[in-house]
Amino acid sequence: MDAYAVADADPVAAVLAWLAEHPKVQEVLGGPGRVSGAREAPWPHLRVGLGPGGNLGDLTWVTQPEVSLELYGDPAGWPGPAAMLRILKVCAVAAAELPGSVPATGRPVISDVRPSGVLLESPLETGQPRWVLGLLVTLHPTPEPL
């Protein structure tokens, strides 16, 4: 096993790719093209990024970094808080379906996805709605073939 493979096990790329193609996520966001690593239109839009918490263990195999789901509404203030919360929870449930799936080539094996305890409404200074939810993603590098 490559001792540095843990550095290439990218939880953000794996969760982002999964959610971008997930039919329930596309449905609740209003169509494809609304999940990325950036805050951008069309709204509502889900940004997937690295969260502030997690556990990198001893950096040898299994790690549990935090992935942050940031849901942005339209700068005009819609959808409202109840709809934003529902959308974000649908996205979290979809992410929780990732364990057990066959990892794409070069992607890590994800064995668990669960909330980190972070769930907050955090609008931008401009008033644009934003909700943030943290997910702990337990993963390890894809084993090399024997």
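Before I start, a contact here means heavy atoms within 4.5 Å. What we have on the screen is a predicted model, in which local features need pLDDT of at least 70 and side-chain atom pairs count only at pLDDT 80 or more, while totals for chains, interfaces and linings use all residues. Residues are numbered from 1 along each chain as its sequence is written, and side-chain values use heavy atoms, with hydrogens and water left out.

Let me take the overall fold to begin with. The chain has 4 helices and 5 strands, taken as DSSP runs (H or I of at least four residues for helices, E of at least two for strands) and numbered from the N terminus, and along the sequence they follow the pattern α-α-α-β-β-β-α-β-β. Of the contacts with a separation of 6 or more, 61% are between residues 24 or more positions apart.

Turning to the interior, 42% of the 146 residues are buried, meaning under 20% relative accessible area with a 1.4 Å probe, protein chains only. The largest nonpolar core holds 29 residues, and those with the most contacts inside it include Val15, Leu19 and Leu69; such a core is a set of buried Ala, Val, Leu, Ile, Met, Phe, Trp, Tyr and Cys residues joined through side-chain atoms within 4.5 Å. Its largest share, 7 residues, comes from H4.

Which residues does Leu19 touch, leaving aside those up to four places away in sequence? Its partners are Val25, Val35, Leu46, Val48, Leu69, Cys91, Ala94 and Ala95.

How values were computed: Buried means under 20% relative accessible area, exposed over 50%, partly exposed in between (1.4 Å probe, protein chains only).
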